[in-house]
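Please consult the sequence and the model alongside the text.

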Amino acid sequence: MTAFENYFKALKKALENEKAYDIWPDFEPKYDENEYAWTTMRGLGEVLILNCGVCDGPSDLRHARCRGCVEKRSKIASEAYQRATGSSKEKWDVIFLCRIHKE
């Protein structure tokens with residue numbers, strides 16, 4: 001169990017409501033669906049990197065909103081990959097979810 005999962009489990013206990021939410025509380029996604037990149041990494045294959053931006057989500061595919069976001073953005077990136085390379089991309093070997101911040 002991650003530190004965040006422990007935190008939210010403790011929060012449910014403090015609220016005395018074990019059924020308040022599943023693993024993570026709900027959140028409103030905030031991201032630019034076109035902030036992605038792909039690369040090939042030794043030992044990993046073709047990697048899709050998705051910038052989660054300022055989204056407050058858990059970056060965890062067990063959460064339905066994260067899973068839906070990744071599916072939608074993976075499709076967008078796959079279509080761009082096909083336009084750029086001429087090869088179809090059915091599935092990425094690895095998908096990285098990250099938050100890139102700049103000052």
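**Salt bridges and their exposure**

Lysine 75 counts as exposed, with a relative accessibility of 55%; here buried means under 20% relative accessible area, exposed over 50%, and partly exposed in between, computed with a 1.4 Å probe on protein chains only. This is a predicted model, in which local features need pLDDT of at least 70 and side-chain atom pairs count only at pLDDT 80 or more, while totals for chains, interfaces and linings use all residues. Residues are numbered from 1 along each chain as its sequence is written, and side-chain values use heavy atoms, hydrogens and water being left out.

Lysine 75 meets glutamate 79 in a salt bridge, at 3.3 Å from N to O; the term denotes a side-chain nitrogen of Lys or Arg within 4 Å of a carboxyl oxygen of Asp or Glu. Because glutamate 79 and lysine 75 lie 4 residues apart in helix α2, about one helical turn separates them. Glutamate 79 is partly exposed at 36% relative accessibility.

The structure holds 5 salt bridges. Among them is the pair of arginine 65 and glutamate 28, whose closest N and O atoms are 3.6 Å apart. This pair links distant parts of the chain, 37 residues apart: arginine 65 belongs to helix α2 (residues 64-85), and glutamate 28 to the loop between α1 (3-14) and β1 (36-41). Helices (H or I, at least four residues) and strands (E, at least two) are DSSP runs numbered from the N terminus. Arginine 65 is partly exposed at 32% relative accessibility, whereas glutamate 28 is exposed at 57%.

Arginine 62 forms a salt bridge with aspartate 60, with 2.5 Å between the closest N and O atoms. Aspartate 60 is buried at 12% relative accessibility, while arginine 62 is partly exposed at 44%.
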